[in-house]
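Below are my notes on the model you sent. They are set out as numbered points, starting with the contact between the chains.

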Amino acid sequence: MDVFKKLVRKGYVSSQTKISADKLQDITGMQIPLSLELNENLQTLQTIYENCLYVVFHNFLISGKTNALLIFIEGLSDKDMINEYVLTPLSQGTSEVQESTPIVQNKISLSNHKEVKTFEEVIEQVSMGNPVLLIDKEMNGIALNLSKWEHRSIQEPVAEPIIKGPREGFTETLSVNMSLLLRKIKSPLFKMNSVKLGRYTQTQIVVAYIEGLADPNLVQEVMNRLERIDMDGVLESGYIEEMIEDNPFSPFPQLLTTERPDAVAAQLLEGRVSILVDGTPIVIVVPTTLFSLLQSPEDYYQRFMISSMIRWLRYLFVVIALVAPSVYVAILTYHQEMVPTTLLLSISKSREDIPFPAFFEALLMEITFEALREAGIRLPKQVGSAVSIVGALVIGQAATAAGLVSSPMVMVVALTGIASFMIPHYSTGVSFRLLRFPLMILAGILGLLGVVLGMITIVIHLCTLRSFGVPYMTPLAPMKTRDMKDVLVRAPWWMLKTRPHLTGAGNKYRQSPGEIPGSSKGDESE
Amino acid sequence: MIEKGKISSLQMAMIMYPVVVATGDLFIPAVTAKHANRDLWISPLWGSLIGFFVVYIIFQLHKLFPKETLIQQTERIFGRIVGKIIGISFLFVMLQINSQIIRQYGQFVGNVFLVKTPILIVIGSIVLVCGFAVRGGLEVIARCAQLFVPIVLLTWVLFFILLIPDMEPRNMLPIMAKGILPSIKGAIPQAAIFEHFVLLTFMLPYLTDLKKGMKWGVISVFITMLTLVLITMSSLFIFGDITSELAFPVMIAIRYIEMAGFIEHLEALMMAIWVIGTFLKISTYYYVFVLGISQWLHLSDYRPMVFPSGFLLIAFSIWVATDVQEFLHFLSTVSYFQSASFEIGIPTILLLAALAQKKIRKNKEGKKG
C-alpha cells in the first residue's frame, strides 16, 4: 500500500513540476509584441508578476499629458538615478501634444538605453535590473540601463595567491570581470559572445576569445556545448564545468579554472577560450592540458631559471603527493631489503610498538589528514586556529606518543600533504590526493608491483583524456618538441616565440624574431 | 577502418622498442652465451640482419597494399578461404607468443619478488591493465610508449653507468677464438627477438607521416641492436664465462650496484622499469591480436573483443606450460622455430606471392596490349 502511495505521490509531484515548467516556458517564450494601449500592457504585466511584491509599477504623466509606466525591481535598480535622471526631467514642463519615444529619449540624459518590443524583452530587462519605461500610444518601450546592486569590491584572489604579479582577482559580478579582462587586452579583436543559461536563474555566460588566435571551430564547439545545456539554474561555473567536459568519468579536471584575470589573459593570448559565468569569481578556460594545470601564472613573472627550477620541484612533488605513502607501505611490507640497513633499523625501532600493519597505519593517517584539511576549510575563522593546534597535536605528538602511529609515517603523511598543496590549481591537487588512496590499497596488496600497475593505469587514463579535442598530455604525448620549452622548463620570454601547437596553430608566432636582449655596443660611454 | 587513431612514425618506433627489447633483456645474455660464449656481444649484430630483413619485407608488402594490415593482405593475396586460414593461424601464433611473454612475466615476478602470490593474480593484474590500454586504441598505446620509453631508457643508462666500476673489459678477449660460428649460433635467440618487428604491419596503415616510416623502422632496429649489444657486453664484462650459468644475469648485475653506501638493492626499481616495458610489449601484442581478429571477422569495432581476448590470454599463459622446466625447454627449442616460421616465413611467402601475382597480371596485360 505504501509503495502505491509513494508512486502516486511521485507521479503527482512530477506532473506538477511539469506544469510549472510549462508556465515558465509560456512566460519566457512570450514573443507577443507590446500593445499600443498602456492599460492593456499594465494588466498583462501585472498578471505575469502576480504575487511578486518586489516589482514596482510606477504610473506617471510625461509633461503632464502623456500616460507612462515605469517598471523595475526594487533593490536591483538605482532609485536615486531613476528619480534624478528619468522622473524629474520627464515630469517637468507641460506639453499639449502626445509625447513620442524619440522626444522622451532626448529628455532622458542617459548614455545607454535600448528599445524593447515584446513582453519577453520587458521581463528580461526588468529581471536584469534595468527599469523599463512604457509610454501610452507607443509600440516600443525603453529599457534604461540603471541596474545597481550590492557587490564585493575587487580583492586579492584567496585560492591562488602569488608573490610577484598583479593582486586583483575576479569578483561575483560579470560586468566587473569583463572589465578586468578588457583592462588587460585592449584590442577590438578581443571578442565576447553571450549565452543565457538556467531556466530559472537566466544566468548570463560570456565566452571570450581573441579573434585570429582562437580556432573558430573551437569557439563554435564551446558555444554548441554551452547551448546544449538545459538545467534549472547555473549558480557557479562548476555547474557547467561538468556539463561540457569531454570525459565525464574522470577524476581529473579537463578545464582550467582560475580567479586571476592575468592568468585568463595569458591563456587567451595562447589562443584558448574562456567562459565567464555571472555570479562567481571562478572563470573557466578551455582547452587545457595537464601541464597547464601544473603551472602558476607567477612562473612567467619570475626569472626564467628560478621558474624552471620551481617547475621541476613541482613535478617532483606531484609524483610524491601521488605515490609517497603507497611506496612507503610497499617497501615496508614487501621490499625491506631496499632500505639501507641503518635506516631500516631506525624505522623498525620506531615501529616496534605499533599495533597496525603499515598499510592500515598509512590509511589511518591519510584519512585523518584529509579530515583535518576539510575541517580547516569549513570551520569559522575564529575556531580555525584551535583546530590546527589540536590537529597538530593529534597527528604529530599524541598519536606517536600513544604508540598508534610511527613517526616516519607522520613524516611521510606530512610531506604528502605539503606536496599536494604545491599544485597551483586546487582542483588538480584534489584529484591527485584522491588517487593516492587506490594506490595505497594496491601497494598493500601487491607491493611495488601494485604501485607500478596503478601508475600505469593512471597514465593510460591520462593518455585517453582530451580537453575539447586537445590531448591532455600534450606536449609530452603526443610529443611536440617545440612546445617543450614551456613545459619541461620555462624558457626565457625571448625564446617563447611560438604559441602552443594545438591552440595557436592559426597564428604561429607571438613575437618578432631576434628579441634576445644584450648590452648595446653603440652606447658605451667610455 | 576499424582503428580511427593516427600515430606518428616516431611514436611507432617508440612502441616497437619495448616490444622488441623488453622481457628479453633480462635473460638474453644467458641464452646467447650458451651458444656464443665470449662472442655473445657479436650475436645481436647478426640478429639485427633479420630485423632489417623483416622491416624491409613489411614495407614492401605495405607498398603493394597500403592501408591494409597483414591479416587483410593475406585475404587479398590468397583469396578468401586460404587467406582466412593463414590469417587465423598467424593470429593464433600472436596469441601464443603474447601468452609466452605474459607467462615469462608472471614467472619472473613470482620467482623473484612476490613469491607467495598466486601466479594467476600476477598475470591477471597485468592483463587487466593492458586491457585498459588496448581499449584506448593505438593512439593511447603510442602516447604511453612516448611517456614511458624515455624513462625506461634513462634508467637503463643510469644502471649501465653505475655498473661501470664492476666491469672488466678483458673478459671479452679473445674475440672469435673459435671462429665465427658460435656467434652465429648465438644469433638464433637474438633473431627471435628481432622477428617481433613483424608487428609493424599493424601500425603502418595508421601513420600520419608515412615517408618517415621506413627511416624510423630502420632506426628502431638499429637502436635495438645497440641496446642488445650493450646489455650482452655489460654482462660479459661483469660475469665473464659464468654468464651462461645465470638465469637472469642483468638482475644479478644490478644487485651489485652500490653507491655511497646508500644506493643499493636497486632491483625493485629495475622491476618497476621492467614492468613498464613489459606492459608496453604485452599491450602491443594484445592490441595486434584484438585488431587482427576484428579484421579477420570484419567487425566494425574492436572494443568488444578486448576483454574476451584478455580472458583467452590469461588462460593461454597458464596452459602454455605445466611447469617452469617445461616452459624453459619450450622457449629454448620450439619457440624459435614457431616464431621464425610465422613472423618471417608468412610475410616472406606473402610478398613473393604478391610479387608473382603482380608479374602474372602484368604479363597478361602485356599480351592483351
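1. The contact between the chains takes 21 residues from chain A and 26 residues from chain B, where two residues are in contact if their C-beta atoms, placed from the backbone, lie within 7 Å. On the side of chain A that touches chain B, helix H17 (residues 448-464) gives the most, with 10 residues. By class, that side has 16 nonpolar, four polar and one charged residues. Here Ala, Val, Leu, Ile, Met, Phe, Trp, Tyr, Cys and Pro count as nonpolar, Asp, Glu, Lys and Arg as charged, and the others, Gly among them, as polar. Helices (H or I, at least four residues) and strands (E, at least two) are DSSP runs, numbered from the N terminus.

2. On conventions: this is a predicted model, in which local features need pLDDT of at least 70 and side-chain atom pairs count only at pLDDT 80 or more, while totals for chains, interfaces and linings use all residues. Residues are numbered from 1 along each chain as its sequence is written, with chains lettered from A and ligands numbered from 1 in the order in which they are written.

3. The largest nonpolar core has 202 residues, and those touching the most other members are A:Val451, A:Val452, B:Ile15, B:Ile126, B:Cys144, B:Phe197 and B:Ile276. Helix H11 (residues 267-296) of chain B supplies the largest share of this core, 19 residues. A nonpolar core is a set of buried Ala, Val, Leu, Ile, Met, Phe, Trp, Tyr and Cys residues joined through C-beta atoms within 7 Å. A residue is buried if 20 or more other C-beta atoms lie within 10 Å of its own, exposed if 12 or fewer, and partly exposed in between, with C-beta atoms placed from the backbone. Not counting residues up to four places away in sequence, B:Ile126 touches A:Leu453, B:Ile102, B:Tyr105, B:Phe279 and B:Ile282. A second, separate core of 25 residues includes A:Leu38, A:Leu70, A:Phe72 and A:Leu133.

4. H11(B) has 30 residues and reaches 42 Å from its first C-alpha to its last, close to the 44 Å expected at 1.5 Å a residue; the expected span is 1.5 Å times one less than the number of residues. Because 28 of its 30 residues are buried, H11(B) is largely enclosed by the rest of the structure. Just after H11(B), B:His298 takes a positive phi of about 55°.

5. In helix H13 (residues 358-378) of chain A, the buried residues are A:Ala358, A:Phe359, A:Glu361, A:Ala362, A:Met365, A:Glu366 and A:Phe369. They cover an arc of only 160° around the axis, which puts them on the same side of H13(A); the arc is that of the directions from the helix axis to the C-beta atoms. The face turned away from the buried side of H13(A) carries the exposed residues A:Ile367, A:Ala371, A:Glu374 and A:Arg378.

6. Which domains does the assignment give for chain A? They are domain 1 (1-30), domain 2 (31-144), domain 3 (174-288) and domain 4 (312-471), with bounds from an automatic or database domain assignment. In chain A, 15 residues of domain 3 are in contact with 13 residues of domain 4. Helix H7 (216-227) and strand S8 (256-258) of chain A each supply at least two residues of the domain 3 side.

7. B:Leu352 lies in helix H14 (residues 334-368) of chain B and is exposed, with 12 other C-beta atoms within 10 Å.
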